[in-house]
Amino acid sequence: MARQQAEAVANPAATGRETVFQTRGVTKVYVMGEVKIHALRGVDLALFAGELMVLLGPSGCGKSTLLNILGGLDTPTAGTVTYRDQELTRADERTLTRYRRHEVGFVFQAYNMIPSLTARENVAIVTEIARDPMTPEEALELVGLGDRMDHFPSQLSGGQQQRVAIARAIAKRPAVLLCDEPTGALDSTTSAGVLEAIESINRTLKTTTALITHNEVIGEMADRVVRMSDGKVVDERRPERRLTPRELEW
Amino acid sequence: MRALHRKLFRDLAAMKGQAAAIAVVVAAGVTMLIVFATTHDALTLTQERFYQDQRFAEVFADLKRAPNRVGERLRTIPGVNQVETRVVAPLRLEVPGFEDPVRGLAVSLPEHREPMVNRVFVREGRLPEPGRTDAVAVSEVFAEAHGLGPGDTLRAIIRGRLETLTITAIVLSPEFVYQIGPGDLVPDYERFGVVWMRERALAKAFAMDGAFNSVVLNLQVGADAEAVVEALDQILAPYGGVGAYPRSDQVSHRILEDELQQVRVMATVLPAIFLGVAAFLLHVLMGRIIRMQREQIAVLKAFGHSLIEIAGHYLMLTGLIVTLGAVLGVGVGAWLADLLAGVYMEYYRFPEVRFRLQPWVVAVAVLVAAGASLLGAVGAVRAAVALPPAEAMRPPLPERFKPGLLERTAWWRQLSQPTRIILRNLSRHPLKAILSVTGIALAGALLLLGSQLFKAMEQMVDVQYRLVLLMDTHLSFTDPTPERAAREVLHLPGVRYAEGYRSVPVRLSNGFREYQTSLLGMELDSRLRGIIDRDHRPVSLPAEGLLLTDYLAEYLGLLPGDRVRIEIMEGRRRSVILPLAGTVAEPIGVSAYMERRAVNRLMGEGPALTGVWLLTEPADRPALFRELRDLARVMGIGLIDDAEAGFREMIDSTLLAFMTIVLALSVSLAFAVIYNNARITLAERSRELATLRVLGLTRAEVSWILIGEIGLLTLLAIPPGWLLGIAFAYGLNQAMAVDMYRIPFVITSWTIAFSAAGVLLASALSLLVTTRRLLRIDLVSALKTGE
């Protein structure tokens, strides 16, 4: 049974799972004055519907650049990125805004709360412009913050703020959830709470999730772990079993 | 170069837009002080030197005729230094090729020497040789107006005889720095000229051989001018003296002083306002800019830079911007002051302008601007270095917000999140919001101040020429003339209506306050000369007593019902006491008014006139002037349209030239402030705005937060801007009232709209530039933890 599952996961195409993202030969070169920095050197990667992928690598390996490109925040220097049938690399600013607005949920290391809005309002700012959102209250209940809805960011701990950020990201029922070092600024106990929220969203809502981290341990909760180094994908593996965040050993 | 210094220049380059805008604020304040203080200094200095070099008289007296030996007695008056007796006579001039009538004033020069008092400055040619009867020196402005030079000729009608005079010199005189014809408000260089002739020739022409009718004298140091005036009056009374007067009452001097007074007021009030506003803005702007660099300051501290080094770094940054602005301000200020002094010299004639840039003016201007900016910088640097480096380097903690009262209302729930962001940001930082609003309001206030005077001047001239001076032509007679003259001129070509008046020179006094002016006797229901009250309603002449211009009544400390002492400076020089029946509010000139026959009775004469006001057919005017020129009794002919045009031109090129500068500086200051405000707001919000873009908000939705915040601040700033501007304008207006004219304090809807529109336009343009910057914002950078 376990073996069957492992096989199916090893060959997702065989399971009929849809490919959400497909990148081909993606490179990114930053020109800083006279120096060229190769952030990505030809990345070929697919992300499949409903999976939780963890992107591991040391800082500076290009994982954030890749995530930003997938999220429509940045464009590659060469190569193509396809989201479902749409080629993101050819999209204009309007299309990218629409894409971010309706398809993608972001979670960042720095939370990026709007300090002048309460938890509820920080979520509402997204639900107000989404097509078929859940209510801010529902989203906050999902991350376990039903009792903190009218608190301002300054009244919330870092972990709570990050959970608001997750609620804000998923309230629009996005097709993909992109998380960039969501626990980077948190201690392990708090981190577990945040990762639980992400894991539970992925499990219950089937939201395709890509999570960036440099923490090897977090890889254990993934369907698939992709390791990057120096702008390239160097390894890809599927853990035998997805651990729950509580089971992770920090 | 040290790395810290390199950072200084890079920072400056990176914020060049804002730095330039701040430099403009500094420059505006500095320019303002330099323009006014330097122009004022140039005029005062030039005046002083010219008066000194030409030995300008300190006391003047006119009389009918006194034998020359009386002059000897004048020299013995205690306190008198030098005395010059002379002949001064009105005459009519004809300039070849010029149709209009020209009035002239001939002044005698001692036969064989230079005058000891009131010397003339020879610009070109040589003074008439002694003994010559057909040679004259003419005033420069008159010569210029007609393109005359030495060797050219003029014709003069002296006591009815036509004489041809040859010009030998073009001259300037301290007595006619402002050359204005009797009864005129503004100079008309084409139709009024001053000529100088040798004494013997002039005396002979006017039957004044061995006699004089004018005295000018200088005082010993410390002498009492009043006592000398009294002694002169006593000695000259038997010879038809019409009252000696000190220099302060001399027409040219008084007008020049009025003008200087106005410039002095502007030189005090305007730079104070401008430098004050600039200082305030610099303080706020520099503070906010440095607060944005909090993390950099922490890094520098972490590297081990000392407090002094860090403070020095930011003070140098501030200092560079201030220096830039100061250099710009001094340059533009000096250039404009030079330009303005030149304009003034068109109206006030001196041999040369003594122009200098006074170090103290530059120093004061620069110190105020630099002090204010550095103060703003110091406060912000102090706050930044107070933080432990580790704390300052961490991304700033989310600011504390608390739900306010607003949020309990149903209205609040209708608001979109971006709108809530705007309102919370403003209410979270009420002090910052208030400072921003104050800055924008001050900009609006300056716009109102700068534009108010234009409309006020227009209204002033309109009132004078549409409601007060209703005639189109004005004749003055050489002597009092029987009243039938008013009926006789009706037969002249093109005259539709005529009304006579009697004008008498008087000295009005109340206690020790006195004022020389003319008493105008006019018809009871005059159709050609309006007298109006403050609300422009006609005032009727009283059966008893006299009316005074309100400014004059106030000057003399008189209220209606009080008694005024009137000394008649003509004929038998009687003194009478009359009640003040009321006041008149004409904006230009100061006068006393009575019914004409009452003036005749006061003078102990029959019904007589000294002039006639006319309504004429424009087409017939050349014919009319030809006939009038042949009438020996007609001393002067004035066209009201010309006078109005002349007055408007003078106001335009002097006062309004100043105000144009004020307005231009106001506009640049307003733009600089509002632009900076928008830029700083953008910098403070950029992370938040980028996050919202990442979350999928469109450019328009994100721009709204910036536009909404600045727009709201701008709208909030407009009404206080009006109030402040009205207060500034009122202060300036009160300080600028002079004898010659009183500028009405009018705030029209135009002025109000101008101020608001200027602020809105500045905001719109600033937002246009800033939102373009917002749209280029790097989304990825917002997600990073550090800056």
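Student: What is the mean pLDDT of chain B, and what share of its residues reach 70 or more?

Tutor: pLDDT is the predictor's confidence in each residue, from 0 to 100. Where pLDDT is low, the predicted coordinates should not be read in detail. Chain B has a mean pLDDT of 86, with 97% of its residues at 70 or more. This is a predicted model: local features need pLDDT of at least 70, side-chain atom pairs count only at pLDDT 80 or more, and totals for chains, interfaces and linings use all residues. Residues are numbered from 1 along each chain as its sequence is written, while chains are lettered from A and ligands numbered from 1 in the order in which they are written.

Student: What ipTM and pTM does the predictor give the complex?

Tutor: The ipTM is 0.78 and the pTM is 0.73.

Student: Why does the radius of gyration of chain A agree with a compact globule?

Tutor: The radius is taken over C-alpha atoms, and the globule rule is 2.2 Å times the number of residues to the power 0.38. For 250 residues the rule gives a value near 18 Å, and chain A has 18 Å, so the two agree. Along the principal axes, the C-alpha atoms of chain A fill a box of roughly 50 × 45 × 35 Å.

Student: How many helices and strands does chain A have?

Tutor: Helices (H or I, at least four residues) and strands (E, at least two) are DSSP runs, numbered from the N terminus. Chain A has 8 helices and 10 strands.

Student: What is the strand order in the open sheet of 4 strands in chain A?

Tutor: Strands of a sheet pair through backbone hydrogen bonds, either parallel or antiparallel. Two strands count as paired if DSSP finds at least two bridges between them. Here the order is S2-S1-S4-S5 (chain A), and the pairing is antiparallel. S2 (35-48) and S5 (86-87) of chain A are the edges; each has a single partner strand, so one side of each lacks a neighbour in the sheet. S4 (residues 78-83) of chain A is joined to S5(A) by 2 bridges. In one of these, A:Tyr83 has A:Gln86 as its bridge partner.

Student: How many residues of each chain take part in the contact between chain B and chain A?

Tutor: Residues are in contact if their C-beta atoms, placed from the backbone, lie within 7 Å. Chain B supplies 24 residues and chain A supplies 26. On the chain B side, H13 (417-428), H20 (655-694) and H23 (779-783) each give at least two residues. H13(B) gives the most, with 6 residues.

Note on methods
Contact = placed C-beta atoms within 7 Å.
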